[in-house]
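Here's a quick briefing on charged side-chain pairs. Take a look at the model first, then read on.

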Amino acid sequence: MRLNNLKLSQFRNYESLDLCFDPGVNLIVGNNAQGKTNLLEAIAYCGSGKSFRTQKTAEMIRFGAEFAELEAKIFAQERDQTVRFVLFPGARPRQIYRNGAKKKTAAELSGVLPTVLFCPEDLMVLKSGAAQRRRLGDHALCGLRPNYEAALAEYNRILEQKSRILKDRFENPALLEILPEYNTRLCQVGALLISYRARFYDGLGKAAGKYHSRFSGGAEEFLLEYKTVSTVSDPFAPVSKLTEELLEHLQRHYRAELEACQCLTGPHRDDFEVSLSGINLKAYGSQGQTRTAAISLKLAQRELMANQWGEEPVLLLDDVLSELDQGRQDFVLNQISSGQVFITCCEPGRFTKLGKTIEIQAGCVVS
């Protein structure tokens, strides 16, 4: 799998761009605020139809422009393919094309250009709050399992509706009559999320453990533990059993949710913990251990996606190497000897032995 060419029009600070890439390593250099991360954002967007920086389409359109256009030429699934997006500000829906044919959703592009992004914020995700770790897991799972993305969207929709019922019940007490129906549906979809997550985190933890063992020279044992609703005795159980256990937990918290006017329990509060040789990383891990574990998780994600699609996903490293010491830089670079990689950095001469160097200045490629 490789991205051969990318064309941008009115995307972020790029008025116009037509750029070909090396099938190996592409080093994107330039000073801050020149458009290096914008280029990675465009690549990731062509693969998933999502931005890792914003949920507002208008922010991706160049100031004053009526629309933005992205087109990627890709070799994937043993053939040449094209992906094209046209983005509009306001409520007008975007246009999506695959090989010239218009598509309804980005899910129809699944597997054409899977990407794994690693940015400086990810280095400390294991020390951050649970929301950041859920986001990391959800993003990876959406790339692996399109059905998971649909289930997650459905869960969030029901959760929002239930939250509205809890808040509006004082003005309209009759809303409580339909609350059991929402609880049942929320638990059914939530059980599906837990089932997906349990299997994903199991595979992710095992793969990350192998990378961390190499990192530490076998001195530390990496363990990832998935944390979900306390009544769930076995997250690998059938979805029907998980649904029953979620309903049991909701019933226990029924009065508390009414008093708090918010949803207090469910997989929207899930988390995972990493320990090294039995020591909780979030509480006691050093900065070096935390960064090493985070790198191991990202490399593991790439491995899982390669196993899923039969091709290695494109790896996007956004200014991450400058945050690492020399030993960790060398380890990461040794692990990306295969597949296509895009690396942004501010120092042109730092990685001179790597493939193609692309210099960006004010949204333009410097010849």
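A salt bridge here means a side-chain nitrogen of Lys or Arg within 4 Å of a carboxyl oxygen of Asp or Glu. This is a predicted model, where local features need pLDDT of at least 70, side-chain atom pairs count only at pLDDT 80 or more, and totals for chains, interfaces and linings use all residues. Residues are numbered from 1 along each chain as its sequence is written, and side-chain values use heavy atoms, with hydrogens and water left out. By that salt-bridge cut-off, the structure holds 20 of them.

**A buried pair between helices**
- R197 pairs up with D138, with 3.2 Å between the closest N and O atoms.
- R197 sits in helix α4 (residues 179-215) and D138 in helix α2 (residues 130-144), so the bridge ties together parts 59 residues apart in sequence. Helices are DSSP runs of H or I, at least four residues, and strands are runs of E, at least two, numbered from the N terminus.
- R197 is buried at 4% relative accessible area, and D138 is buried too, at 15%. Buried means under 20%, exposed over 50%, and partly exposed in between (1.4 Å probe, protein chains only).

**A pair within one helix**
- E154 and R157 meet in a salt bridge at 2.9 Å, N to O.
- Both lie in helix α3 (residues 146-168), 3 residues or about one helical turn apart.
- E154 is partly exposed at 22%, as is R157 at 40%.

**A helix-to-loop pair**
- R291 bridges to E323, the closest N and O atoms being 3.8 Å apart.
- R291 is in helix α8 (residues 287-309), while E323 is in the loop between β12 (314-318) and α9 (326-335), 32 residues apart.
- R291 is buried at 15%, whereas E323 is partly exposed at 34%.
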